[in-house]
Amino acid sequence: MARILITSAIPYINGIKHLGNLVGSQLPADAYARFMRARCNEVMFICATDEHGTPAELAAAKAGQPVAEYCAAMWQVQKDLSDGFRLSFDHFGRSSSLRNRALTQHFAGRLADAGLIREVSEKQVYSHADGRFLPDRYIEGTCPNCGYDRARGDQCENCTKQLDPTDLLNPHSTISGSTDLEVRETKHLHLRQSAMRDKLSTWIESKTDWPILTTSIAKKWLNDGDGLQDRGITRDLDWGVPVKRGDQEWPGMEGKVFYVWFDAPIEYIAATAEWADANGLDDSAWQRWWRTDMGADDVRYLQFMGKDNVPFHTLSFPATIMGSGEPWKLVDYIKSFNYLNYDGGQFSTSLGRGVFMDQALSILPADYWRWWLLTHVPENSDSEFTWENFQASVNKDLADVLGNFVSRVTKFCRSKFGEVVPDGGAYGAAEQAVMAEIATRLAAYETHMELIEIRKATAELRAIWVAGNEYLQVTQPWATFKTNPEAAAVTVRFALNLIRFYAVLSQPFIPDASADMLSAMQTDDDAWPTDINAALSALPAGHAFTVPEVMFAKITDEAREEMATRFAGKR
RNA sequence: GGGCCUGUAGCUCAGUUGGUUAGAGCAGAGCGCUCAUAACGCUUUGGUCGUAGGUUCGAGUCCUACCGGGCCUACCA
């Protein structure tokens, strides 16, 4: 039994996430966590909301709520949705927790003690009307290079020239529209990532088994231009972790907070501490996952994230961990994902384009979405959601191949033998042949999951379902029942056992359907199979079962067309 | 501008260190079955592997150029 720590990138607090966000980290992480638990490993699966930063403050203002109140409400919304999608986090934390506040301040203090923090005086744009400093992209004006009148302070979208806010002609705040802006001197802390460049580079170079997507992004940042740059880790905001040096005040930093990207990854650790607190456990309970001097030396730690998160997880956060000089657990494997597009374009939160998590659950059960998303997870390149593909995939795989298998077997048995596993005869050549095929495919499925090749694993699982239908075609119990009822009994007994077996193997991907199958088979034996023969004999003759309701209703053409229209844009 | 990823059947994708006739699922065609959600099974039609060169006994795989798609480029997170 291994100990496996899994973290999913933490979703930002300002609204409901779309399916592209879900499939880019939380969902594949969940399938992996479920698989690893099923294999009897000790798993700690952590997620949280990322609550700090300017967008949260603005979203709260727009909602007319204090930011803390807004975040608390949105945390509950996101928590309910993650429950709705059956995301099996051991804890779903909040980056605004006191645990994270203390840990973030602790890390900053350690980094300062190690000489890895320097104070930098820089010029920032202050908006009097908004009463705040403005991040570069919240300032718009006319591009001095091309004359485009909606160029942002960080870059002109029209000519792609990189800009400073002070370069813009006629700059104004995108929040209030005010032109009453002023450049002010302000002091900030920078993390001296450049001082750790060689150490980080050596570490990344050693990770030869990581996805190319992960390492190529890290190497780009390490080697581009003058190499890895220092990074500001504080902001002039109200909402965030107050800047402190450990538990001491930090002279000159009064009223400032840490930058979200500094405290967000630390929340992985803090959320595990929150988990311990919530379960009435002491500090050693979470430290054994995170401190290599307190039991975490045998932990395997995996992170799941979209590609946009890679620089922070391969460089900034490791710099924080390494720079602390304390024995914190470093990540062992980073699985990164490309993007999911929506029907020829991108999902867009601002335009309301695509399907959002709350809408998805209001239309169809979680398993439908989980199955489609996990069979199309963008592991190698961006992938695309279309309603036609979704309908075809779900109807064929879930309704026809799996659902109908359960239906035909249980209904046939009920009509010929009653609602009990039939007695008589013994498994023969046909059953052995199926078990041989399944054993091969199960091994492939397990290997793919261990390597986090989710798509390939789903393909094997589907093939295992198909094997059940092939088996029925070969043995034809509806025919043998007329001449040799005992042969039909063997077939049905084996097929009923396949249903339980499918429930166990399918659980990482479609947990609700899996539970329904177990319930219909009236068993709670969900042990992962090690001996195929034994696993397919778990339900003995005489064992009672029930015929389940239709497990997966099909998506009709009319419903598909209606949904395609409804989600085309403007939420 | 720079960097990275990507282009394989109508669609979605596999193709391990270059090695016989390039695979799967869906869609299409034909046949079979009738227990089942008009479900299932079998067979089968589709590809000069983005284009043009090159290396090699041999290239989907390696190199170069070009074309198309995408991402990143450090103050959104």
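**Close-up views of a predicted model**

R132 is buried, with a relative accessible area of 16%. Here, buried means under 20% relative accessible area, exposed means over 50%, and partly exposed lies in between (1.4 Å probe, protein chains only). This is a predicted model, in which local features need pLDDT of at least 70, side-chain atom pairs count only at pLDDT 80 or more, and totals for chains, interfaces and linings use all residues. Residues are numbered from 1 along each chain as its sequence is written, chains are lettered from A and ligands numbered from 1 in the order in which they are written, and side-chain values use heavy atoms, with hydrogens and water left out.

**View 1. The surroundings of R132.** Let us stay with this arginine for a moment. R132 belongs to strand β5 (residues 132-133). Helices (H or I, at least four residues) and strands (E, at least two) are DSSP runs, numbered from the N terminus. Setting aside residues up to four places away in sequence, R132 touches T54, E57, L58, V125, Y126, S127, I175 and L237. Contact means heavy atoms within 4.5 Å.

**View 2. A stacked pair of rings, W261 and F312.** The structure holds 34 aromatic pairs. The ring centres of W261 and F312 are 3.9 Å apart and their planes stand at 5°, so this pair is stacked. Rings of Phe, Tyr and Trp (its six-membered ring) pair if their centres lie within 6.5 Å; planes under 30 degrees apart count as stacked, over 60 as edge-to-face and the rest as tilted. The pair links distant parts of the chain, with W261 in helix α7 (residues 260-278) and F312 in helix α9 (residues 310-323), 51 residues apart. W261 counts as partly exposed at 21% relative accessibility, whereas F312 is buried with a relative accessible area of 10%.

View 3. For F385 and F390, the ring centres are 5.5 Å apart and the planes are at 40°, so the pair is tilted. Both F385 and F390 are buried. Helix α11 (residues 366-375) is mostly covered, with 10 of its 10 residues buried.

**View 4. W289 with an arginine over its face.** R3 lies over the face of W289, at 4.5 Å from the ring centre. A charge sits over a ring if NZ of Lys or CZ of Arg is within 6 Å of the ring centre and within 35 degrees of the ring normal. W289 lies in helix α8 (residues 283-290) and counts as buried at 1% relative accessibility. Beyond its neighbours up to four places away in sequence, W289 touches R3, I4, L5, E42, V43, M44, T272, A296, V299 and K329. The C-alpha atoms of W289 and I269 are separated by 8.7 Å, and the two residues are 20 residues apart along the chain. Another arginine to look for is R245, whose charged end sits over the ring of W250, 5.6 Å from its centre.

**View 5. Where α12 crosses α19.** Helix α12 (residues 387-416) and helix α19 (residues 557-566) have axes that come within 10 Å and cross at roughly 145°. These axes are lines fitted to C-alpha atoms, for helices over the stretch in contact, and angles run from 0 to 180 degrees between N-to-C directions. On the α12 side, W387, E388 and Q391 meet D557, R560, M563 and A564 of α19. The residues of this contact divide into 3 nonpolar, 1 polar and 3 charged. Ala, Val, Leu, Ile, Met, Phe, Trp, Tyr, Cys and Pro count as nonpolar, Asp, Glu, Lys and Arg as charged, and the others, Gly among them, as polar.

**View 6. Two loop residues with positive phi.** Most residues other than glycine have a negative phi. C40, although not a glycine, has a positive phi of about 70°. C40 is found in the loop between α1 (19-38) and β2 (42-49) and is exposed, with a relative accessible area of 53%. Q476 is not a glycine either, and its phi is positive at about 45°. Q476 sits in the loop between α14 (454-475) and α15 (477-483) and is partly exposed, with a relative accessible area of 32%.
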